[in-house]
Structure formats: structure tokens, C-alpha cells
Amino acid sequence: MHAWLCENPVGVDALTWKELPTPQPGAGEVLIEIQAASLNFPDLLIVQNKYQMKPALPFVPGSEYAGVVRAVGEGVKGLQVGQTVACLSGTGGFGTHTLAPAKLCMPLPDGFPAVDAAAFIMTYATSHHALIDRGQLKPGETVLTLGAAGGVGTAAIQIAKAQGARVIAAASTAEKCALCTEQGADATINYGTENLREAIKTLTDGKGPDVVYDPVGGELAEPAFRSIAWRGRYLVIGFAGGPIPALPLNLPLLKGASIVGVFWGDFARREPQANATMMGELARWYAEGRIKPVIDRTMPMNELKAAYARMGSRAVMGKLVMVN
Ligand SMILES: NC(=O)c1ccc[n+]([C@@H]2O[C@H](COP(=O)([O-])OP(=O)(O)OC[C@H]3O[C@@H](n4cnc5c(N)ncnc54)[C@H](OP(=O)(O)O)[C@@H]3O)[C@@H](O)[C@H]2O)c1
């Protein structure tokens, strides 16, 4: 097997494409031949030692992937050799093969392509948990999504529309805004050229959005929070823009609004039954054509460094997927 190895987490340049012995699965594990692995923002942070999870060295990055089970370890039930699965194990995806805990593997129904499957779990689970569980989004309400053309952003547009909400998608370029419109956004704001607060005011008749979905943070957070509606919910998803914003606490007071933290990974660990129910609903929505990952492009696995550069330069629209 081959894989991208991180022996020193000082950035993407230090990754090396290495030939390694193909491992045999231990108890509770399966060996997966990887067909596709997507890039998520944490994949960029983890190789720089900037992510909250710090794997033991050396490790193979690649949080989320799909492929074929090639061997099963002792005690594994419900998975067979030859079955296709998707898995979000945090590491291991950027290679030709990996060992994965069987309990994290989701068997794929027929007709679920590996590229879509590799781009599905993290973004759709995060956005569903955020909007519907944490944000209590109701049909007819208005959602403002920042970074709306990115991975979690495009999933958030589709899920909010599936829930019957009105979506205002905000992104940094006209091209990104056009993609958001294609994905069903009712209105867009190009915060590269427009004043965010003024644009929100105009698009909501001064009322503000009921829910703000924020995976970007930085300088966008305060103007977005100042624009929120009475009883609004501000969903803290992540800080792709860099700095973690600090908000004056008089702002939630004045709007009777809530700042709501979203941590899908811990939700899945702490509330596995609720997460399984949610994943079931997402799989149904996919089968019904209500949601579908937006694939920026696929690239060969050995071009991972170019893929990381594309993500780091803010060029990705939807999801970038590496394929073997
Ligand atoms: N809380 C959770 O459970 C959870 C789960 C998954 C992901 N996340 C977080 O959500 C965030 C987005 O993840 P993602 O996979 O959707 O990433 P992504 O596809 O790269 O999207 C991030 C978006 O952020 C915007 N952005 C602003 N400044 C940026 C910068 N300096 N570099 C890169 N992007 C920048 C970009 O949109 P514009 O160019 O339009 O501004 C980009 O489309 C990350 O912080 C990630 O850690 C959180």
C-alpha cells in the first residue's frame, strides 16, 4: 500500500508519499481499499498541529473516505469482504488502504457513488445537527449562511431548503454566490464587495435572520450577530477565517438571542443513538435527491499537496475529493 505520511506536523510540505506494509485488521477493525477521500478543513489543521485532535506520530491524514472492505478482524459483525463503506475516522484516508474501526463504517446502499460517499458524513451531519437540532430551524424562518460555498456551507444551504427555510447565502466572490444560487439559495450576499450589515438589512426588511450559520468567524461574526433577528440563534461552527471572534455580551441581551455552540464530533460520540437517527434521515434525503454533495473536483491521490493548496487558498467550492 501507499499513503501520505505525516512524521512531523509542520505543514503540508512535510508530507511524504510512502510505500508501507499493508496491515492486517485487529479485533474490531476492517481493512479498507480506499476509492475516494475528501478534504475537510480539519485535514488542513491536523498536519500543522493546529487541530484539537493530535494523533500520535507518524500518522496518515485524511479524515473521511469511502472504499471496499478487503479484510475483517476478529469479532466484526455486519461487515463483509467486498462490501462498500464510508468512514469518518479522523485519519488514514489519504492513501490506498487503511485500517478503520468497524463501528465507524457505514455500509453504503447500492447506487451511492464513492465520491459522494466520501464527501457526505462530515458536512451533512454537521449542518443537520447545527440547523435542526442546535438551531431549532423551523419552516418559513430565514437562515443566513456565511462561507456558504464551502463544504459545510453548501450542505447547510441544501438542508435549510429541505427544512422549508428561506436561505440567504453569503460568500466572498460572485462565482461562489452563483454556486449558492444553483444550490437553492433564495438570495446571496457577496461580502467581498458588499457591506454585510446593509445587505442583510435590505434582504430581511430590517428584521434580520432567525438563524446565522457561521463556519468562518473572524471579522464577519460581529456584523452578522448585530444583524440577527429577535430570538435569533447564532450557530458557532468554526473559524476558517482565522481569528476566534469575541462578541460583546450586550448583543445577545439586546436581541433576546442565543449563541449556540455546535460540535458534531462530540454529539456523535456522546449521543450515538440520536446521531444514528439523524444519519438515517440524511441517507433518505440523499436517496430522494433532496441533498447531494457539491463536488468542486476530483484529483488523483498523489496530487494531495496541490489539493491542500487549493483549499488553503480559499478556492474550493463544495468538496474536493482525492481518488485512487
Ligand atoms: N463544529 C463542527 O462540528 C464542525 C464540523 C465540521 C467543520 N467545522 C468547521 O467548519 C469550518 C469550515 O469547514 P469546511 O470543511 O466547510 O471548509 P471549506 O470548505 O474550506 O469552507 C470554509 C469557507 O470559509 C471561508 N474562508 C474565509 N476565510 C478563509 C481562509 N482564510 N481560508 C479558508 N477559508 C476561508 C471560505 O469562504 P469565502 O471565501 O466565501 O469566505 C471557505 O469557503 C472549519 O473551521 C471547520 O473546522 C466544524
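Visitor: Which strand is Glu19 in?
Guide: Heads-up that this is a predicted model: local features need pLDDT of at least 70, side-chain atom pairs count only at pLDDT 80 or more, and totals for chains, interfaces and linings use all residues. Residues are numbered from 1 along each chain as its sequence is written, while side-chain values use heavy atoms, with hydrogens and water left out. Helices (H or I, at least four residues) and strands (E, at least two) are DSSP runs numbered from the N terminus. Glu19 belongs to the run covering residues 16-19, which is strand 2.

Visitor: Is Glu19 buried or exposed?
Guide: Go by relative accessible area with a 1.4 Å probe, protein chains only: under 20% is buried, over 50% is exposed, and in between is partly exposed. Glu19 comes in at 64%, so the label is exposed.

Visitor: Which residues does Glu19 touch, beyond those up to four places away in sequence?
Guide: Start with C-alpha positions: Glu19 and Met1 are 18 residues apart in sequence and 5.8 Å apart in space. For a contact, you want heavy atoms within 4.5 Å. With residues up to four places away not counted, Glu19 touches Met1 and His2.

Visitor: Which residues touch the most other members of the largest nonpolar core?
Guide: A nonpolar core here is a set of buried Ala, Val, Leu, Ile, Met, Phe, Trp, Tyr and Cys residues joined through side-chain atoms within 4.5 Å. In soluble globular proteins, nonpolar side chains tend to be buried together. The largest core has 53 residues, and the ones touching the most other members are Leu131, Tyr213, Leu235, Trp264 and Leu282.

Visitor: How many residues are in the other core, the one with Trp4?
Guide: That core lies apart from the largest one, and its members include Val30, Tyr51 and Leu304 as well as Trp4. Its residue count is 33.

Visitor: Is Thr154 buried or exposed?
Guide: Thr154 lies in helix 4, residues 151-162. Skipping residues up to four places away, its contacts are Ala148, Ala149, Leu179, Val294 and Gly318. With a relative accessible area of 2%, Thr154 is therefore buried.

Visitor: What volume does the second largest pocket have?
Guide: On a 1 Å grid over the protein atoms alone, a pocket is an open set of points where a 1.4 Å probe fits, with protein on both sides within 12 Å along at least five of seven lines; lining residues have an atom within 4 Å of a point. Grid points join across faces, edges and corners, and a volume is the space filled by probe spheres set on them. For this pocket, that gives about 190 Å³.

Visitor: Which residue in that pocket's lining has a positive phi of about 70°?
Guide: The lining includes Tyr191, Asn195, Glu219, Pro223 and Arg314. The residue in question is in the loop between helix 11 (304-312) and strand 15 (319-323), and is exposed at 53%. Although not a glycine, the residue with that phi is Arg314.

Visitor: What is the omega of the peptide bond from Leu57 to Pro58?
Guide: Pro58 sits in the loop between helix 1 (41-46) and strand 4 (64-72). The bond from Leu57 is cis, with omega near -10°.
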